Amino acid sequence: MALIALTFFSLRLVPGDPIEVRRGERGISPERLAQLRHEMGLDQPLYQQFWDYVKQIAHGDFGTSIVSHTPVLKEFMALFPATVELTLAAMLFAIVIGIPAGMLAALRRGKATDYVVTGAAVTGNSMPIFWWGLLLILLVSVKMDIAPSGDRIDLLYDIPSITGFMLIDTLLSDQDGAFMSALSHLVLPMIVLGTIPLAVITRITRSAMLEILNEDYVRTARAKGLSPLRVVGLHALRNALIPVVTVIGLQISSLIAGAVQTETVFSWPGIGHWLIESLGRRDYPVLQGGVLLISVVVVGLNLFIDLLYGLINPRIRHGR
Amino acid sequence: MAADIAVARTPAQAPPSFLAETWRGLTENRGAVFGLVTIILVGLAAIFADFIAPHSYAEQLFRDHTLAPPVWVDGGSWSYPFGVDQAGRDMLSRLIHGARISLTIGVAVMVVSVAMGVVLGLLAAFRGGVVDNLLMRLMDLIMSVPDLVLSVVVVAIIGPNLINTIWAVLIVFLPRYVRLVRASALAELPKDYVTAAKVAGVGPIRLMFLTVLPNCMAPLIVQATLGISDAMLQAAALGFLGLGAQPPVPEWGSMLGEARSLLQRAPWVVTLPGLCILVTVVAINLFGDGLRDALDPKLKRG
């Protein structure tokens with residue numbers, strides 16, 4: 001509710017009337033202007049507009065784009081899977097590389113490997129990812145011509161949207177090479193968006209691991225003759241994962257923020273790209289409904305992570 | 001003679017002062033030293049930009065040489081060592097002036113949000129009840145919107161320019177300071193020295209700022225240092241999206257955004273500003289990490 005109020009009132013403060021913008025160069029008669037205002041409810045008092053808006057949202061109506069005339073919720077649902085696919089891939093990339101890298105650094109503490117990994121993590125953590133994206137486009141797409149630099153798939157494929165996830169849809173569609181094309185389009189944005197979570201996960205895994213390797217039960221496990229792999233992989237890693245999972249949860253919000261930049265750089269047709277485009281077109285219902293929907297998703301996911309955290313760490317469950 | 005007396009009067013086993021101790025911890029950390037040196041260099045470039053920069057950052061002096069490459073590429077010239085941008089301006093001069101813009105944004109955001117965070121956080125901790133609840137729910141609300149999305153919305157409302165960038169970034173980073181100050185103040189409140197100060201009749205303002213606040217400083221200093229680099233990154237991202245400083249202001253992110261379509265024709269116009277952002281942010285983060293280790297030995301785990 002508070003979120004609704006925030007997005008509603010803040011966007012009403014935007015200078016410039018959406019109708020003025022749409023009117024553009026061609027003049028519209030004052031009567032037509034008044035009629036349009038009335039249609040959009042812009043002639044009502046502000047509290048009335050707000051109340052109507054809340055009622056609309058309660059009915060699942062997040063407004064209609066004043067440019068494309070499609071409901072905001074429909075546009076959001078059409079574009080959201082692309083963002084989810086990208087963020088999931090980025091997270092997966094970060095986890096698959098970050099956890100082993102962090103463990104390796106912890107086990108080789110103070111050696112060259114440790115310095116390389118920590119140095120890379122500090123750099124990754126400080127990365128302006130829009131620049132990183134452009135740099136990868138320049139090196140990988142332009143100079144080496146390995147991976148494409150924009151969109152989700154080559155134009156020659158026409159994939160029916162079943163799940164909205166390009167990788168799954170291409171598999172379902174049974175077209176030759178479509179899956180590989182989609183995958184190659186995903187690789188660069190995935191690396192770019194995954195860079196900061198990768199750095200964060202690496203650092204957290206390393207410090208959690210260092211802490212746990214000093215614990216008594218690890219020494220006990222070693223003393224009773226378990227293989228180092230078993231000690232590290234089973235006893236230590238399981239406990240080191242607790243802070244890592246927390247951090248992964250905290251990354252959701254920043255992943256969405258990163259997706260705005262990544263999608264803009266790679267023309268990835270997701271919600272971040274959509275928001276920035278709508279802003280350029282002064283499409284306020286989209287901006288308003290879109291920001292609201294994004295926030296709802298983020299809050300919901302954070303709640304989910306909190307519950308998941310309780311599952312992994314029984315100490316918290318009993319504590320509450 | 002006077003020096004001898006001063007030395008003689010100093011107790012032989014005096015514990016090192018807090019500052020000296022922190023400094024020693026910092027200089028032992030190679031990353032922090034590298035960070036500090038880089039920060040000082042960038043800071044000097046920012047302060048003396050008018051004297052160092054060979055040309056103006058806004059004048060289109062090399063209109064006949066638009067997109068000329070830097071000196072290390074064929075066709076480069078020493079009169080514009082880092083090349084020329086799409087409008088015929090000297091890249092080196094723009095990058096040097098960009099240091100001023102980026103550091104100003106970072107420091108301004110940090111100073112204002114720390115000041116506001118201290119006041120609001122102490123207020124929440126000392127008042128409790130409704131004030132605390134309202135403030136913290138407001139902060140939760142701000143934090144529930146992804147940071148860049150919120151900044152974008154704020155810019156949409158107040159319009160894109162350099163000063164508004166500071167506001168748009170500030171509002172995103174405010175909650176972390178408020179929460180940090182509130183949490184550390186709440187941890188200090190039940191301690192004996194606070195009770196003693198209250199009993200001695202210390203007024204609420206003095207109690208807040210002179211008794212409790214100094215004991216919350218260590219985490220705040222660390223957070224503030226790292227906050228500068230976060231703010232710079234965020235401002236650069238806004239600039240890249242065309243929502244930050246407007247041309248011809250040489251903000252690094254905006255320079256990059258404006259030249260984006262030239263990536264293939266003139267990569268240096270795109271890559272150099274980004275490199276400046278990266279190096280500065282890495283330096284501040286290294287320094288901040290070192291500071292954390294030096295200020296709080298308990299956290300020192302590598």
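Begin in chain A, where α5(A) passes α6(A) in a left-handed crossing. Keep in mind throughout that this is a predicted model. To find the pair, select residues 72-107 of chain A, which form helix α5, and then residues 112-125 of chain A, which form helix α6. Their axes lie 8 Å apart, and the two helices pack at an angle of about 140°. Angles over 145 degrees would count as roughly antiparallel, and α5(A) and α6(A) are therefore oblique to each other.

Next, show the side chains at this crossing: from α5(A), select A:Ala101, A:Leu104 and A:Ala105, and from α6(A), select A:Thr113, A:Asp114, A:Val117 and A:Thr118, which they meet. If you colour these residues by class, you will have four nonpolar, two polar and one charged.

Now move to chain B and select residues 162-188, which are helix α8 and number 27. From its first C-alpha to its last, α8(B) reaches 39 Å, close to the 39 Å expected at 1.5 Å a residue.

For the next stop, select α7(B) and α11(B), whose axes come within 11 Å and cross at roughly 55°. That angle makes α7(B) oblique to α11(B), and the crossing is right-handed. On the α7(B) side, the contact is made by B:Asp147, B:Leu148, B:Ser151 and B:Val155, and on the α11(B) side by B:Gln234, B:Ala237 and B:Leu238. Sorted by class, these residues comprise four nonpolar, two polar and one charged.

Finally, display both chains together and look at the contact between them, which takes 34 residues from chain B and 40 residues from chain A. On the side of chain B that touches chain A, the elements giving two or more residues are α6 (129-144), α7 (147-158), α11 (217-240) and α13 (267-295), so numbered in chain B. Select α13(B) to see the largest share of that side, which is 10 residues. Coloured by class, the side of chain B that touches chain A has 23 nonpolar, eight polar and three charged residues.

Key. Residues numbered from 1 in each chain as written. Chains lettered and ligands numbered in written order. Predicted model: local features only at pLDDT ≥ 70, side-chain atom pairs only at ≥ 80, totals over all residues. Helix = DSSP H or I, 4+ residues; strand = E, 2+ residues; numbered from the N terminus. Expected span 1.5 Å × (residues − 1). Contact = placed C-beta atoms within 7 Å. Nonpolar A, V, L, I, M, F, W, Y, C, P; charged D, E, K, R; others polar. Axes fitted to C-alpha atoms, helices over the stretch in contact; angles between N-to-C directions. Parallel < 35°, antiparallel > 145°, perpendicular 65-115°, else oblique. Left-handed = near helix turned anticlockwise from the far one by under 90°.
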